[in-house]
2 protein chains.
Amino acid sequence: MAENYAHSVQQVAAKGATLHTFSSPQRDKLQQLLPSLQAHYQQPLVLMSRQILARQVARFQAALPTIAPHFAVKANPHPDVLRCLMEAGTGFEVASKAELDQLLAMGVQASKVFYSNPVKSPHYIAYAASMGVEWFALDSVEELEKIHRIAPAAKLYLRIYTSNKGSSIELSAKFGASREDVSAVIARAAALGADLAGVTFHVGSQCCNVDNWRLGIERSAEIFGEMHRAGLEPRLLDLGGGYPVSIDQAAPSLELIAQVIHSALQPLLVEFGNITVIAEPGRFLVAEAGLFVCQVVAASRRDQQNWLYLDAGFYGGLLEIKEGLEYPITTLASGPEQSWVLAGPTCDSIDICSDQYRLPASLQAGDWVMVGCAGAYSNACACEFNGFPLPKVVME
Amino acid sequence: MAENYAHSVQQVAAKGATLHTFSSPQRDKLQQLLPSLQAHYQQPLVLMSRQILARQVARFQAALPTIAPHFAVKANPHPDVLRCLMEAGTGFEVASKAELDQLLAMGVQASKVFYSNPVKSPHYIAYAASMGVEWFALDSVEELEKIHRIAPAAKLYLRIYTSNKGSSIELSAKFGASREDVSAVIARAAALGADLAGVTFHVGSQCCNVDNWRLGIERSAEIFGEMHRAGLEPRLLDLGGGYPVSIDQAAPSLELIAQVIHSALQPLLVEFGNITVIAEPGRFLVAEAGLFVCQVVAASRRDQQNWLYLDAGFYGGLLEIKEGLEYPITTLASGPEQSWVLAGPTCDSIDICSDQYRLPASLQAGDWVMVGCAGAYSNACACEFNGFPLPKVVME
């Protein structure tokens, strides 16, 4: 496994992937916005670019033309973002009733919505099925029995464990059936006559190890075989999310990942024929489209450290910086740089995001701070703790 | 320090402090609520008891009769909670403009509101001063200069570093001026003619080491002396928050803490005369008044572990369980117990709260779960990530 990972990192380097950096147009945009910000600013903004959203969907469709992208709503549930992605041709993946309701209100067909959260309230299952959702994920015998009891006609797909090595945020600790559990679920589905008809896996969020997809697909093929032998009719493979963007390290390009996926899929499709393959990109479709604009609340020196307090932090939309993803940050200030401890505005000591940033020493209260690549898991994860307002999403 | 801590733990044991446990009335209440929950439940509830809120205020006032409690709004900003505390006679402490606005709308006098967040946006300072807030905290020369520039008549109090040893959540990493910084702030205040007129410290959240208060008060007395020598007129001592409740370990009683505070204050009051002493209890006033009621989404066995997924977790109001506070949890189920991994309902692997709980093995989807002592930092910290609704606060 370690060798495979090293190999894929080498491949990335060979492809010349570059880190996300601030472009001139982004800085120009902020310069244009300044008068309006100075006059009307009330709260942090997530500026979302329609153009980049559409570009990312097109890029996904070009790299993986036979694989339908179903946007993971959790990454950015703002209505304008969802509408833009729907218009660009994506389906959707939901984790809850509220996410489903939002999509239905927009006119999304329920049959294009996959309920991929492996654990679901009984009344959420009943509601989704009554509205026309066809596919439901699970990763345990108990969830299989629950869904089948509530919605016997539901099509079910099994979330399996797969390697998350090389991913920024591992998801395999919480979800995914082990080998032993897979056999138990298949046997139970066959006994119940439940339509267990697909397999899904998640390689981990921000996955930089392309081998995770290969291994997941190879394991899925084995499970398809096991399903067939049990008398089930597998016809869905859901490749999940994890398609990375280059935030703080060079990530493998989607095109490179697509090559690995296509070659791993080849034998599976030959063996099992008519399989629908979908994917659930979240971050990949929205991250680069988002520019988080916030303001310095205070810049101070305490105990021989430089502290930069922003009006958003762990609670206000920058949770992932705290989780170790070093988002690109820039300002309009100039001059020599120094190391800053970056913190949010609340009274809570958890609300320290990082001590890694080098930014101009001249920064002071009122200056603007831009966080790049921030269209995913920013407004989606924010709360109003300490009375600080949620970031406002503005589509451009 | 270690000896002092051991000593205070011994004292606690001697006083016979007991852990928070579920009372019969709480279980009875839930039994009474069951028909309504079964029929109307939409989202987790925080059931807040007016009676316990009033009891806690009275207890604080009885133990510390010369020290005015100013509730830390961040602990539970629900309007009904704030109104109940106001009626019971507390002042308030705020961290932001929104918190202040809420209090003003309720008719709280601005002069009873302390702005204790040591870092504040320039426009928040201007707004608070214009509305009549008199006292503003700071912990750096930069914040002193900023407040004095915007609101020259403001009364200022200096947040100093103090030991957080023995506290569940340390706050001294983010705020508090060191010895060196204290001298710099005092000198700058004297030079500017700023009314630096008080000292505050925070012993850490859920502080179980009573010596932290003694040390903080002794250090404050030293700083009062330094302020006098610089020509300033100190007249406020703010003892901050940190007053614990017994969540997962026996905490020192407020009455014990009050003894330590009173004897440490004695020489300070003799030396400096007319000093107003306030405190900022947050958790202490609201935690025990809150019962968090939520529902099991799924109970499953995966990879030889028992998983109990609730409809609220790290994102939905139970953040502090994830942070290591083992809240008391009970259910109406019976029978033999087993170990459960407790997780929230989202697709995120961060959303695993604990693997420490022993609860009945018979638990299944739809069962009710009660988290005790949950009136602080529950609804206050919740967000709607993955489309799960915020907990609803119900006052009784």
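This is a predicted model: local features need pLDDT of at least 70, side-chain atom pairs count only at pLDDT 80 or more; totals for chains, interfaces and linings use all residues.
**Around the axis**

**The annotated domain**

- UniProt, in an unreviewed entry, marks residues 53-287 of chain A as "domain: Orn/DAP/Arg decarboxylase 2 N-terminal".
- Follow that span from end to end and you'll find its end C-alpha atoms 9 Å apart.
- As for its make-up, residues 53-287 of chain A are 45% helix and 17% strand.

**The barrel in chain A**

- Eight strands form a closed barrel with parallel pairing, in the order β2-β3-β4-β5-β6-β8-β10-β11 (chain A).
- Going from one strand to the next, the twist averages 30 degrees.
- A bit of background: strands of a sheet pair through backbone hydrogen bonds, and they can do so in a parallel or an antiparallel way.
- Take β2 (residues 68-72) and β11 (residues 276-279) of chain A: these two pair in the parallel sense over two bridges.
- To spot this pairing on the structure, look for Pro69(A), whose bridge partner in β11(A) is Ala279(A).
- Helix α9 (residues 211-229) of chain A packs on the sheet, where it touches β6 (155-159), β8 (195-200) and β10 (236-238) of chain A.
- The direction of α9 makes about 170 degrees with that of β8(A).

**Where the chains meet**

- How many residues does each chain bring to the contact? Chain A has 63 residues in contact with 63 residues of chain B.
- Together the two chains bury about 4,900 Å² between them, and 59% of that is on carbon and sulfur atoms.
- On the chain A side, Lys174(A), Arg302(A) and Cys347(A) lose the most area to chain B, together making up 15% of what that side buries.
- Charged side chains join in too, with four salt bridges found across the interface of chain A and chain B.
- One salt bridge to look up links the side chains of Asp351(A) and Lys174(B), at 3.8 Å from N to O.

Key
Residues are numbered from 1 along each chain as its sequence is written. Chains are lettered from A and ligands numbered from 1 in the order in which they are written. Side-chain values use heavy atoms; hydrogens and water are left out. UniProt positions are given in the numbering used here, feature names are shortened, and annotations may be inferred rather than shown by experiment. Helices (H or I, at least four residues) and strands (E, at least two) are DSSP runs, numbered from the N terminus. Two strands pair if DSSP finds at least two bridges between them. Axes are lines fitted to C-alpha atoms, for helices over the stretch in contact, and angles run from 0 to 180 degrees between N-to-C directions. Contact means heavy atoms within 4.5 Å. Buried area is the accessible area (1.4 Å probe) that two parts lose on being put together, summed over both.
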